[in-house]
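Ready for some practice with salt bridges and buried residues? Have the model open beside you and try each exercise before you read its solution.

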Amino acid sequence: KELGKANIVMESMAFFFKYKDSVSLELFEEFTNPFITGLPGIKALEWAPRIAYEKKLLFEETRQRVMDSTIRISKVDSISGLVLADKKEYYFPIEFANPVTHLKNVIGVDLSSDPRNTFTFALANRTKNIVFSQPIKLITAEKSDHYGFLVLKAVFGPIENEVIGYVLGVYDMTEYIAKILDTELKVLDIVIVDEDQSKAPL
């Protein structure tokens with residue numbers, strides 16, 4: 001049931017961006033607020049469009065005018081945190097995030113620059129389905145070992161098999177599991193393991 005709700009959110013957002021020529025931050029928040037407030041476990045909903053290198057500066061200037069003068073297209077570095085993205089053919093930076101007040105630091109982050117996302121994004125492109133990521137550490141979590149997962153769907157444009165962007169949901173794994181196993185958690189200790197990965201709990 002809860003997985004079905006996650007699918008509805010992603011399908012709705014994908015349809016929204018596929019057929020909407022122009023979207024403002026205000027419109028994005030208005031569209032996604034009911035999902036944020038009405039469904040447990042969702043920590044963020046995001047849109048990451050495909051930005052060619054030639055339009056990188058325009059993207060940055062637009063985001064700077066609307067939100068913050070320091071926004072640049074960046075990438076995740078395991079040592080330094082967020083650093084400026086390298087020059088490449090195109091990027092998939094986060095343009096919109098809700099709730100934006102807690103997520104300003106992720107605006108401009110190029111999702112395609114993170115090698116941990118490579119398999120998940122490739123799967124989304126190939127299957128054209130909604131896909132779930134491996135566990136990730138939540139950027140906004142107070143505890144460093146607090147995990148979540150991404151739910152994402154590739155949005156395709158009029159040119160066959162050309163991805164114009166990705167819609168994403170960031171879920172808090174603790175809250176999500178507590179919702180779907182509410183009754184069981186009161187009497188059981190539950191460990192979830194991905195058998196295709198290591199035997200460590202997720």
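**Exercise 1.** Find out how far apart Lys56 and Glu60 sit along helix H3 in this predicted model.

*Solution.* Start with the helix: H3 covers residues 56-66. Lys56 and Glu60 are four residues apart in it, so about one helical turn separates them. Next, look at the side chains: the two form a salt bridge, with the closest N and O atoms 2.9 Å apart. Finally, widen the view: Arg72 joins Lys56 and Glu60 in a network of salt bridges.

**Exercise 2.** Decide whether Lys56 and Glu60 are buried or exposed.

*Solution.* The cut-off you need is that buried means under 20% relative accessible area. Lys56 has 13%, so Lys56 is buried. Glu60 has 3%, so Glu60 is buried too.

**Exercise 3.** Work out which parts of the chain the salt bridge between Lys75 and Asp86 ties together.

*Solution.* First check the pair: the closest N and O atoms are 2.6 Å apart. Then place each partner: Lys75 lies in strand S3, while Asp86 is in the loop between strands S4 and S5, so the bridge ties together parts 11 residues apart in sequence.

Methods: Residues numbered from 1 in each chain as written. Predicted model: local features only at pLDDT ≥ 70, side-chain atom pairs only at ≥ 80, totals over all residues. Heavy atoms only, no water. Salt bridge = Lys/Arg side-chain N within 4 Å of Asp/Glu carboxyl O. Helix = DSSP H or I, 4+ residues; strand = E, 2+ residues; numbered from the N terminus. Buried < 20%, exposed > 50% of the residue type's maximum accessible area, 1.4 Å probe, protein only.
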